[in-house]
Amino acid sequence: MNLKTRDLTLIAMFAALTAIGAFIRIPLPIVPFTLQYFFCALGAIILGSKKGALAQILYVGIGLIGIPVFTKGGGPQYILQPTFGYLIGFILGAFIIGKITENMKELNIKKIFIACIMGLSVVYLFGVIHMFIIYNFYLGQAMGVWTAITVGAISCLPSDLLLSFIISLVGSKVVPTLRRLGYADAK
């Protein structure tokens, strides 16, 4: 992948926006509602699969080296937080959303929404599995599979569906213009 200065700037910008999104939150039990996914998905739609995933890798890497950009701080020990799996999910979710949307000639609300749901499913998959493992095997607090799914996915679903719809609205208006100007990836 040949990255230009513009690419590096946009990757860094979406990593920073994801970090900012971590602090725009509504506290909920265990998994808070934040705007991290909004910037993760929007970045993937604008940057494409590889650069969108790179933005999330940069975000997670910055947090793991100790800069407190996650909802509860940062540092390598953050891997042991129950919500760390969602951060890994952001990387893969961004790649999937970017891969789906970069191959579409015409983006519309429905197509972007479906891409967002597919990416969100990956975020939930990694988030729920990691939460289950951390609660049961690290924290020593019994959490059943159904409880992990309920707390880690189902309870978040209404707000994340709304976010996905908003991302779809924004993406369907912004990305075609950015593509025409040469600022968004498309194949």
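**Helix 7 and the cysteines**

Helix 7 bends by about 35° at glycine 171, the bend at a residue being the angle between axes fitted to the seven residues ending there and the seven starting there. The model is predicted, so that local features need pLDDT of at least 70 and side-chain atom pairs count only at pLDDT 80 or more, whereas totals for chains, interfaces and linings use all residues. Residues are numbered from 1 along each chain as its sequence is written, and side-chain values use heavy atoms, with hydrogens and water left out.

Helices (H or I, at least four residues) and strands (E, at least two) are DSSP runs numbered from the N terminus. The 25 residues of helix 7 (residues 157–181) should span 36 Å at 1.5 Å a residue, in agreement with the 35 Å between its end C-alpha atoms; the expected span is 1.5 Å times one less than the number of residues. Among the buried residues of helix 7 are Asp160, Leu163, Ile167, Gly171, Val175 and Arg179, where buried means under 20% relative accessible area, exposed over 50% and partly exposed in between (1.4 Å probe, protein chains only). What covers the buried residues of helix 7 includes strand 2 (33–34), helix 2 (36–47), helix 4 (84–102) and helix 5 (109–138). Glycine 182, whose phi is positive, near 85°, follows helix 7.

The structure holds zero disulfides, a disulfide being a pair of cysteine sulfur atoms within 2.5 Å. The sulfur of cysteine 40 lies 9.2 Å from the closest cysteine sulfur, in cysteine 116, which is too far for a bond. Cysteine 156 is likewise in no disulfide, the nearest cysteine sulfur, that of cysteine 40, being 15 Å away. Cysteine 40 is buried, with a relative accessible area of 1%, and cysteine 156 counts as buried at 6% relative accessibility.

Key
Contact means heavy atoms within 4.5 Å.
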